[in-house]
Amino acid sequence: MIKKIRTLVEKYWDILAYLFFGVLTTVVNYVVYLPCYNVLHLSAVASNGIAWVVAVAFAYLTNKPFVFQSHDWSWKTVGPELAKFVSCRIGSGLLETAAIFLTVDLLHWNGNLMKLILAVVVVILNYIGSKLLVFKTKND
């Protein structure tokens with residue numbers, strides 16, 4: 001039984017690790033968003049933008065070594081990786097920001113709830129982008 005579990009964990013390591021660090025990234029994002037939106041009373045879009053910057057930095061620093069096993073920190077590797085990583089995140093960040101603007105700022109839906117719902121969509125999109133475009137290995 002333990003051998004079977006170990007085999008499954010090894011087989012799906014990148015997905016399991018991504019989910020773990022995706023949840024942590026979402027927590028970081030939310031921890032920055034909540035005080036900006038609820039305490040500083042910034043707009044949902046401004047709060048989301050600030051939270052996005054912090055979360056993207058956290059995500060890159062954790063996804064690179066722990067999820068996608070990319071351990072080369074030379075600028076030759078980091079430069080292109082980071083450019084692709086940020087580009088993918090800009091895409092999902094713009095989508096999230098547009099959805100927040102529509103649902104929260106225009107339709108006045110609950111900003112805290114919409115942020116959480118959209119986080120799920122963003123985690124999925126970001127995994128696909130990271131796996132297929134950013135941290136591709138020759139075996140993929």
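**Close-up views of a predicted helical model**

**View 1. The largest cavity and its lining.** Helix α2 makes the greatest contribution to the lining of the largest cavity, with 6 residues. The model is predicted: local features need pLDDT of at least 70, side-chain atom pairs count only at pLDDT 80 or more, and totals for chains, interfaces and linings use all residues. Residues are numbered from 1 along each chain as its sequence is written, and side-chain values use heavy atoms, with hydrogens and water left out. Helices (H or I, at least four residues) are DSSP runs numbered from the N terminus. A cavity is a set of points, on a 1 Å grid over the protein atoms alone, where a 1.4 Å probe fits but cannot get out; lining residues have an atom within 4 Å of a point. Across the whole structure, 1 cavity of 30 Å³ or more is found, and the largest cavity holds about 220 Å³ of space, a volume being the space filled by probe spheres set on the grid points, which are joined across faces, edges and corners. Of its 20 lining residues, Thr25, Thr26, Asn29, Val122 and Asn126 lie nearest the centre. The lining comprises 9 nonpolar, 8 polar and 3 charged residues (Ala, Val, Leu, Ile, Met, Phe, Trp, Tyr, Cys and Pro count as nonpolar, Asp, Glu, Lys and Arg as charged, and the others, Gly among them, as polar).

**View 2. Helix α5 and its cover.** Helix α5 spans residues 111-134, and its buried residues include Lys115, Leu118, Val122 and Asn126 (buried means under 20% relative accessible area, with a 1.4 Å probe and protein chains only). Among the elements covering these buried residues are α2 (13-39), α3 (44-67) and α4 (75-106).

**View 3. The salt bridge between Glu96 and Lys115.** The closest N and O atoms of Glu96 and Lys115 are 3.0 Å apart (a salt bridge is a side-chain nitrogen of Lys or Arg within 4 Å of a carboxyl oxygen of Asp or Glu). This pair links Glu96 in helix α4 with Lys115 in helix α5, 19 residues apart. Relative accessible area is 3% for Glu96 and 2% for Lys115. Leaving aside residues up to four places away in sequence, Glu96 touches Asn48, Lys115, Leu118 and Val122 (contact means heavy atoms within 4.5 Å).

**View 4. The salt bridge between Glu81 and Lys64.** The whole structure contains 2 salt bridges. In the one between Glu81 and Lys64, the closest N and O atoms are 2.7 Å apart. Because Glu81 lies in helix α4 and Lys64 in helix α3, the pair ties together parts that are 17 residues apart in sequence. Glu81 is buried at 8% relative accessibility, and Lys64 is buried at 0%.

Key
Buried means under 20% relative accessible area, exposed over 50%, partly exposed in between (1.4 Å probe, protein chains only). Helices (H or I, at least four residues) and strands (E, at least two) are DSSP runs, numbered from the N terminus. On a 1 Å grid over the protein atoms alone, a cavity is a set of points where a 1.4 Å probe fits but cannot get out, and a pocket is an open set with protein on both sides within 12 Å along at least five of seven lines; lining residues have an atom within 4 Å of a point.
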